[in-house]
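Good morning, colleagues. Please look at the sequence and the model on the screen while I walk through the fold.

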Amino acid sequence: MNKITKTIFERAYQSYLCGGDVYTYRFESSGTVMLKKYDDAIKYLEEEGLIEVKFRSEDKVRLTLTDKGISEGNQLLDIL
């Protein structure tokens, strides 16, 4: 996972731990290059089966963790 992918996943997992069902990640930049990086990160997480995208706009994405995503997050906690 690259830095952006890891950040999105970790923030969604933290939201899950605090009782959130749906996490909204707001993009920090609206530049073309950064939007592509956000898009690639989200696609990677979806392809790996870690998240499910509920809504996407130009400046944010709403997503939920899948069961696999929750398991991966739990494993990250075990490592720490």
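Let me begin with Gly73, which lies in helix α3 (residues 67–79). Helices here are DSSP runs of H or I with at least four residues, strands are runs of E with at least two, and both are numbered from the N terminus. This is a predicted model, in which local features need pLDDT of at least 70, side-chain atom pairs count only at pLDDT 80 or more, and totals for chains, interfaces and linings use all residues. Residues are numbered from 1 along each chain as its sequence is written, and side-chain values use heavy atoms, with hydrogens and water left out.

Is Gly73 buried or exposed? Gly73 counts as buried because its relative accessibility is 0%. The term buried means under 20% relative accessible area, exposed means over 50%, and partly exposed lies in between, with a 1.4 Å probe and protein chains only. Which residues does Gly73 touch, if those up to four places away in sequence are not counted? They are Phe9 and Tyr13, where contact means heavy atoms within 4.5 Å. Between Gly73 and Phe9 there are 64 residues in sequence, yet their C-alpha atoms are 8.3 Å apart in space.

Ser15 counts as buried, because its relative accessibility is 18%. Beyond its neighbours within four places in sequence, Ser15 is in contact with Gly20, Val22 and Tyr23.

Tyr23 takes us to the strands. Strand β1 spans residues 23–26; Tyr23 and Tyr25 form its covered face, while Thr24 and Arg26 form the uncovered one. In general, side chains in a regular strand alternate between the two faces of the sheet.

How are the strands paired? Strands β1 and β3 (residues 60–65) run antiparallel and are joined by four bridges; two strands pair if DSSP finds at least two bridges between them. Within β3, Leu63 stands opposite Tyr23. Strand β2, residues 51–56, also pairs with β3 in the antiparallel sense, over five bridges. A hairpin of three residues connects β2 to β3.

Thr64 is buried, because its relative accessible area is 13%. Leaving aside neighbours within four places in sequence, the contacts of Thr64 are Asp21, Val22, Leu50, Ile51, Glu52 and Lys54.

Finally, the chain as a whole. Three helices and three strands make up its secondary structure, in the order α-β-α-β-β-α along the sequence. The radius of gyration, taken over C-alpha atoms, is compared with a globule rule of 2.2 Å times the number of residues to the power 0.38. The protein chain has 12 Å, which agrees with the value near 12 Å for a compact globule of 80 residues. Its C-alpha trace spans about 35 × 25 × 20 Å along the principal axes.

Of the 80 residues, 30% are buried. Among contacts between residues at least 6 apart in sequence, 51% join residues at least 24 apart.

As for charge, the chain carries 12 positive and 14 negative side chains, and the centres of the two sets lie 6 Å apart. Lys and Arg count as positive and Asp and Glu as negative, whereas His and the chain ends are not counted; each charge is placed at NZ of Lys, CZ of Arg, CG of Asp or CD of Glu.
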